[in-house]
Amino acid sequence: MEFAIEVTDIWKKFRLYNDRAPTLKEKVLFTKRSKHEDLWVLKGVNLCVEKGKTIGLIGQNGSGKSTLLKLMTRIIYPDQGGIRVRGKVSSLLELGAGFHPDFSGMENIYMNAAIFGLTKKEIDGKIDEIISFSELEEFIDSPVRTYSSGMYMRLAFSIAINVEPDILLIDEILAVGDENFQKKCFNKMKSFKSRGTTIVIVSHGLGSLEMLCDEIAWLHEGTLVRRGIPAEVVGEYRAIMSGEENQRVEAENHQQEERVSEEGNGENLVSTQGGNGKRWGDGSVEIVDVVILDHLGQRKFTFECGESCVIEMHCNKHRPVASLVFGIAIYRRDDLWCYGTNTFIDRHTVDVEGLDEEIIVRVSIDKLNLMEGEYYLNVATHDEYASPYDYQTNRVRFSIYSNIKDSGVCRLEHQWSII
Ligand SMILES: Nc1ncnc2c1ncn2[C@@H]1O[C@H](COP(=O)(O)OP(=O)(O)OP(=O)(O)O)[C@@H](O)[C@H]1O
């Protein structure tokens with residue numbers, strides 16, 4: 001097996017300097033105290049990449065992915081361990097880092113491509129392709145300081161991929177630029193792959209990585225915890241991440257629940273809850289608990305876009321009421337109202353005479369087709385004229401994740417046909 005990249009037992013630390021001036025007491029007591037701390041970012045990482053393979057690096061923010069890529073390009077050096085790289089490397093790490101702002105796009109192409117080792121003649125042969133891929137024909141003679149960040153990036157990307165590298169190192173390129181350019185980059189990656197270029201790519205776009213990579217390596221706090229088939233590693237990573245997200249949202253919800261339980265008991269609820277939620281109403285039909293359950297009946301705070309769920313409200317009827325309506329509304333974290341309905345709108349009759357004191361209301365949603373993001377659920381009980389018994393905003397928070405990179409507020413079920 002021929003390896004393009006061999007990373008052997010790499011250790012890398014960064015020195016963090018303490019800028020704070022010491023107090024007099026510290027000066028007297030700790031005269032020799034060090035002014036810096038060592039942060040070990042990579043702790044004994046081994047990673048060999050077979051020639052012609054595409055490998056994706058995943059991991060949480062700060063896990064060391066970019067540092068590992070920078071070590072491969074020799075922008076920085078390890079404190080311990082060795083790296084061998086065989087072949088011409090082109091990297092898309094600090095895009096456009098070598099550009100001169102006062103020079104035109106054209107002049108920068110020549111300078112930048114020369115840094116990658118291309119001769120003037122070679123660049124002459126590729127110049128049209130570089131300009132056309134960057135879509136900057138009209139602006140190629142303007143100084144790059146007049147470019148927007150997107151234009152800057154397109155030019156840098158276009159140069160880096162046209163130097164025909166043996167090894168391509170990419171950091172998050174699939175997540176920048178507009179959607180069209182992202183698609184172009186993605187297709188370009190695929191054509192590199194089919195030409196036998198070795199690619200190492202760092203991205204948080206798990207769906208794209210899964211489609212592009214032969215293998216995924218997962219870094220966690222500076223160590224390689226898993227490496228293998230993309231679908232398996234990404235699946236495991238997602239499960240852990242959504243578990244952590246679940247815990248975080250659960251903790252937020254717990255605080256909200258404690259606030260709600262301090263109020264209630266049939267008293268007038270015309271009050272404002274602390275925190276982000278508000279609550280009002282006369283308390284006749286009090287909402288005491290709200291949960292969102294998955295298809296197994298488990299309480300969850302993180303759902304995949306399209307997953308089924310059941311919103312369950314536990315209510316207490318403290319007084320007889322003439323009419324009763326149960327309602328829900330979903331808001332995105334930025335307060336965008338995404339959806340709202342109630343039993344009255346849905347023409348679901350509520351028989352107030354026949355209800356016990358304790359009521360359970362379930363709303364089953366076949367497909368929770370909200371886009372990736374954070375949401376909160378408002379719940380309400382009121383009479384048929386909308387006079388509130390118990391109205392609670394921001395009652396349950398939940399998040400949605402998605403593998404599909406469509407955009408907007410919600411996913412509309414659809415099919416394409418091209419005739
Ligand atoms: N030059 C530097 N000096 C000091 N600390 C640094 C330096 N570069 C990176 N770090 C730190 O090293 C850790 C790992 O950073 P790195 O950029 O490799 O992580 P990452 O996995 O790529 O994260 P992200 O997904 O956020 O890009 C972070 O805690 C970061 O703050």
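This is a predicted model: local features need pLDDT of at least 70, side-chain atom pairs count only at pLDDT 80 or more; totals for chains, interfaces and linings use all residues.
Local features need pLDDT of at least 70, side-chain atom pairs count only at pLDDT 80 or more, and totals for chains, interfaces and linings use all residues. Residues are numbered from 1 along each chain as its sequence is written.

Start with the open sheet. Three strands make it up, in the order β2-β1-β4, and their pairing is antiparallel. Strands here are DSSP runs (E, at least two residues), numbered from the N terminus. Two of them pair if DSSP finds at least two bridges between them. β2 (36-50) and β4 (80-85) are the edge strands, each pairing on one side only. From one strand to the next, the twist averages 25 degrees. Axes are lines fitted to C-alpha atoms, and angles run from 0 to 180 degrees between N-to-C directions.

Strand β1 covers residues 3-17, and twelve bridges join it to β2 in antiparallel fashion. Within β2, C48 stands opposite E6.

Now turn to β6. Strand β5 (residues 89-92) pairs with β6 in the parallel sense, over four bridges. S91 has L169 of β6 as its bridge partner. Strand β7 (residues 198-202) also runs parallel to β6, joined by five bridges. There, I199 in β7 is the bridge partner of L168. Strands of a sheet pair through backbone hydrogen bonds, either parallel or antiparallel.

How many residues of β6 are buried? Five of its five, across residues 167-171. Buried means that 20 or more other C-beta atoms lie within 10 Å of the residue's own, with C-beta atoms placed from the backbone. In a regular strand, side chains alternate between the two faces of the sheet. Both faces of β6 are covered: I167, L169 and D171 lie on one side, L168 and I170 on the other.

Conventions: A residue is buried if 20 or more other C-beta atoms lie within 10 Å of its own, exposed if 12 or fewer, and partly exposed in between; C-beta atoms are placed from the backbone.
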